[in-house]
Amino acid sequence: MYKVFMAAIAATTSISANAQVSDQRPGFLDKAYLRSSIGVASLKLDERAEDFTKERSFGFSVVGGYQYNRYIAFELGLYDIGESDTHIDYEYGDLALYGEEGRVQGTQTFAGRLLGASVRLHTDMQQPFYVGFSAGYQYWRVATLSNLMQEYTYDPGFFYEEYSEEPPVSRSYRYEGRRSENGQDPFYGAFAVWNAPIGELGLEYTQFTVDGDQPALLTGSYTVRF
């Protein structure tokens, strides 16, 4: 009888322990991950596309995520879209028709960073390979570094009759400075991931919108899950 009683206690204890294990749920950190990537950035702005002398540079991203299930994840990340240079050289006005004319020459450099929140939808992440797409909303900040020289000529007699005998006046101005702009726009991307023995290796393409322009990142990524 004693042996039967002890066996019953042992069986009850085992069932209780298994029930406790089965009732455990993964914590937040068990579903969290960190992904870093580096690659080619393009900050080609539509209105100056024909002037760009360097359309691509290195860009990177650092993203934290929460894996809701095997098919859906939520992310918050910092994206650096690199720098692009443009050469400025254009003329404007007409001394005879408008009473003024000029020419602007120099360089401008554009650099941008973005903070974005997104959702990722993909095939089963537990398979050797999985693919998907992402969509989200981002806060962007773009800085413009300018080094410009303007040559300006105007005819006083064109505007004021009392100066009709005066010759045209020419001036030169140099502008060096930094101007920052910021705003919010949607973004989207596509990716493919390989569950390699050393971790998740991916290829990511992310297309942003910055006030109507279309900077993009094409990067290789590495994901660490906690």
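**Where in the protein chain is confidence lowest, and where is it highest?** Welcome to this predicted model. Mean pLDDT is lowest in helix α1, residues 2–23, at 43, and highest in strand β8, residues 199–208, at 95. Over the protein chain, pLDDT averages 83, and 81% of the residues score at least 70.

**Figure 1. Two stretches where pLDDT stays under 50.** One of these stretches covers residues 1–24, and another covers residues 46–52. For residues 1–24, the model has zero contacts beyond four places in sequence. For residues 46–52, by comparison, there are 17 such contacts. A word of care for this view: where pLDDT is low, the predicted coordinates should not be read in detail.

**Figure 2. Glu204 of strand β8 and its partner Arg35.** The side chains of Arg35 and Glu204 form a salt bridge, with N and O 3.5 Å apart. Arg35 belongs to strand β1, residues 32–42, and Glu204 to strand β8, so this pair ties together parts of the chain that are 169 residues apart in sequence. Are the two side chains' residues buried or exposed? Arg35 has a relative accessible area of 5% and is buried. Glu204, at 6%, counts as buried too.

**Figure 3. Glu204 again, this time with Arg120.** A salt bridge also joins Glu204 to Arg120, and here the closest N and O atoms are 3.3 Å apart. This pair links distant parts of the chain, with Glu204 in strand β8 and Arg120 in strand β5, 84 residues apart. Arg120 is buried, with a relative accessible area of 5%.

Figure 4. A search of the whole structure finds nine salt bridges. In one of them, the side chains of Glu181 and Arg179 meet at 3.3 Å, N to O. Glu181 is partly exposed, with a relative accessibility of 33%, and Arg179 is partly exposed as well, at 40%. Elsewhere, salt bridges with shared partners join Arg35, Glu75, Arg120 and Glu204 into one network.

Figure 5. The volume of the second largest cavity is about 80 Å³. Of its 14 lining residues, Arg35, Arg120, Tyr130, Glu200 and Arg225 are the closest to its centre. The elements giving two or more residues to this lining are β1, β4, β5, β8 and β9. Strand β9 gives the largest share, three residues. The lining of the second largest cavity divides into four nonpolar, four polar and six charged residues.

Figure 6. About 210 Å³ of space lies in the largest pocket. Which of its eleven lining residues lie nearest its centre? They are Tyr90, Val104, Leu148, Gln150 and Tyr175. At least two lining residues come from each of β4 (72–94), β5 (100–122), β6 (129–154) and β7 (169–196). Seven residues of the lining of the largest pocket are nonpolar, two are polar and two are charged.

Figure 7. Leu34 sits in strand β1 and is partly exposed, at 39% relative accessibility. Which residues does Leu34 contact, leaving aside its neighbours within four places in sequence? The contacts are Val62, Val63, Gly64, Tyr222, Thr223, Val224 and Phe226. Between Leu34 and Val62 there are 28 residues of separation in sequence, and their C-alpha atoms are 7.5 Å apart in space.

Key: Residues numbered from 1 in each chain as written. Heavy atoms only, no water. 1 Å grid on protein atoms, 1.4 Å probe; cavity = no way out; pocket = protein on both sides within 12 Å on 5 of 7 lines; lining within 4 Å. Points joined across faces, edges and corners; volume = space filled by probe spheres on them. Helix = DSSP H or I, 4+ residues; strand = E, 2+ residues; numbered from the N terminus. Nonpolar A, V, L, I, M, F, W, Y, C, P; charged D, E, K, R; others polar. pLDDT = per-residue confidence, 0-100. Contact = heavy atoms within 4.5 Å. Salt bridge = Lys/Arg side-chain N within 4 Å of Asp/Glu carboxyl O. Buried < 20%, exposed > 50% of the residue type's maximum accessible area, 1.4 Å probe, protein only.
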